[in-house]
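Subject: Model for your files

Hello,

Here is the structure I said I would pass on. My notes on helix packing and aromatic rings follow below.

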Amino acid sequence: MSVCEPKRYVRLALWLVFVSALLAASICAPLPAQMDMSTHGMSLVNQVDPAELPPPQKMTGIGNAHLPISSQKPEAQMWFDQGLNLIHDYWDYESARAFEQSIRVDPGCAICYWGLYEATSFYHGNEGGYAQAAFARAEALKDHANDRERRYIEATAVADTDRKRAADLWRAIVKDYPDDLEARLFLADFASNRLEILESILKDDPNNSAANHQYIHSLEASPTPERALHSAEILGSLAPNSGHMVHMPGHIYFRLGEYAKAGQAFAASTAVDEKYMAEQHVDPENDWNYVHNLMYAIANLMEEGKLKQATELSTKITRAHGKLQSSIYQAVSRDSISRLNPQLPVALREGDWARMKSLLAAIPAPADLPNLVFLSGELNLFADGMLAAANHDPAKAEAAWQKLDANLQDEKKTPHPTPTVPARQLQVMPDAFLSAITGMLNVMSLELHASVLVAQNELADAHGMFAQAEAAEKALGYREPPNYIRPVAETEGAAMLAVGDWTDARAAWERALTIRPHSGFALYGVALSDEKAGKTEAAAKDYQEFLAAWKDADPDLPQIQHAKSVR
């Protein structure tokens with residue numbers, strides 16, 4: 001389950017195809033001058049009274065949702081529809097601003113308070129109690145609302161405590177209001193036949209922006225993500241001014257190994273978000289999609305072999321954090337690693353253990369964030385062990401693994417109760433957050449142990465341990481982008497190549513391709529395995545496929561140079 005999924009339903013979470021040149025432009029462009037990343041003048045939704053939010057600006061190009069409401073004030077309807085579209089875009093901050101404005105226009109609008117509740121309870125906790133206050137007001141005013149609005153409020157009232165009852169109530173609304181596509185969308189959040197409902201909406205309204213968005217999320221982690229290709233192709237054009245909606249096609253393209261198309265979507269999303277933040281003087285805390293999109297873009301660039309661009313783009317994440325070191329993304333292992341040093345994910349993806357060590361040493365983890373201090377120490381031990389194993393020093397490799405694993409087990413036993421301070425002030429991560437980091441480190445521990453066994457020439461045991469590591473990697477679940485930066489199968493493939501086991505090496509690289517389709521790293525491993533095995537014709541074909549996949553990769557990469565030399 002993704003850390004950025006909304007509270008309303010369980011999804012596998014999270015953009016218009018843009019010209020390729022925009023990718024390089026967005027990477028090289030500085031953050032907008034108007035954005036002061038060291039000053040956080042606005043707060044996360046539900047940590048500030050919505051009445052104190054600045055009035056919204058009228059937004060276009062954010063979707064096509066519309067729900068007629070009973071308010072007699074047209075302006076309230078306008079702001080309500082803006083908030084509704086932004087809820088479907090997962091843009092909670094702007095949605096809250098819009099719904100609050102609809103309330104300013106019509107303080108007696110019950111369904112407007114319902115919308116404010118939806119926005120303020122979307123991602124975050126209830127530090128200020130504003131979501132509950134908004135819903136209490138919706139219930140207090142519902143007798144002045146029309147039948148459908150009252151029933152929306154009643155279905156939402158039981159959503160957190162009785163999902164079956166909520167589904168029944170939404171189903172009844174759909175029955176009595178068969179043309180209400182919004183009710184069908186909310187029913188899909190609770191029904192077991194979610195895909196069927198979304199497909200029925202898309203049959204009736206193929207360009208429904210919200211349904212196309214949800215359809216992508218419902219299929220991206222499935223065995224058949226290609227079913228959402230049409231939604232990916234059109235979604236950006238349905239909401240071109242919403243960073244997250246423009247970003248969303250990249251989820252499907254990445255899963256299918258169409259990294260160039262994914263990169264166009266991610267670059268377009270970066271451009272949309274940076275334009276929005278600059279024009280409205282909003283910082284990344286109130287545009288969560290910005291960092292999420294950057295992390296995905298970096299992961300995507302690495303699969304394309306564009307490691308220099310990935311490193312450059314990583315600096316934007318660092319700058320987006322500003323002085324704030326705690327946010328919802330501290331629960332994402334990729335983001336935590338990039339906080340230690342923006343170049344670390346690239347070194348880890350390459351398996352460049354010596355560079356990992358130097359990067360960790362270059363920027364010490366902030367002493368007031370013990371979670372990152374712990375992570376830094378564990379990553380250093382992992383790099384130590386992997387480097388020693390690669391250098392055929394099993395004793396040093398095993399010592400590093402033993403220490404890493406002992407530290408990890410101790411950390412798992414240490415209680416980290418959920419703090420009472422707002423999330424933006426967190427320094428010590430609660431268990432729910434830390435589990436993402438320890439989960440990743442658990443895979444690393446198993447992977448390092450397997451590499452130690454290879455260095456000790458215990459190959460049968462090593463294969464078994466690599467299998468455990470792959471199982472643990474899979475158990476991390478679907479993440480956006482993948483939580484584990486370098487597939488375990490690639491480490492096994494490299495280890496088997498090092499000991500001359502070409503058959504098992506090729507099999508491992510092939511498994512890596514099932515995780516990252518068309519990734520140049522794995523394609524190169526397959527080609528190298530065939531070359532080492534003396535399969536000249538197969539290797540030549542493999543290298544052609546690899547070079548096609550990495551046609552836009554950094555030209556000085558050793559893989560590129562070697563592939564060209566043996567074609």
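Helix H3 (residues 92-105) and helix H4 (residues 110-120) have axes that come within 8 Å and cross at roughly 160°. That makes H3 roughly antiparallel to H4 (angles over 145 degrees). The axes are lines fitted to C-alpha atoms over the stretch in contact, with angles from 0 to 180 degrees between N-to-C directions; helices are DSSP runs (H or I, at least four residues), numbered from the N terminus.

This is a predicted model, in which local features need pLDDT of at least 70 and side-chain atom pairs count only at pLDDT 80 or more, while totals for chains, interfaces and linings use all residues. Residues are numbered from 1 along each chain as its sequence is written, and side-chain values use heavy atoms, with hydrogens and water left out.

In the contact (heavy atoms within 4.5 Å), residues of H3 including Phe 99 and Ile 103 meet residues of H4, among them Tyr 113 and Leu 116.

The structure holds 17 aromatic pairs, that is, Phe, Tyr or Trp rings (for Trp the six-membered ring) with centres within 6.5 Å. One of them, Trp 114 with Phe 186, is edge-to-face (planes over 60 degrees apart), at 5.4 Å centre to centre and 75° between the planes. Trp 114 lies in helix H4 and Phe 186 in helix H8 (residues 181-188), so the pair ties together parts 72 residues apart in sequence.

Phe 80, Phe 99, Trp 114, Tyr 152, Trp 170 and Phe 186 form one aromatic cluster.

Regards

How values were computed
Helix = DSSP H or I, 4+ residues; strand = E, 2+ residues; numbered from the N terminus. Parallel < 35°, antiparallel > 145°, perpendicular 65-115°, else oblique. Phe/Tyr/Trp six-rings, centres within 6.5 Å; stacked < 30°, edge-to-face > 60°.
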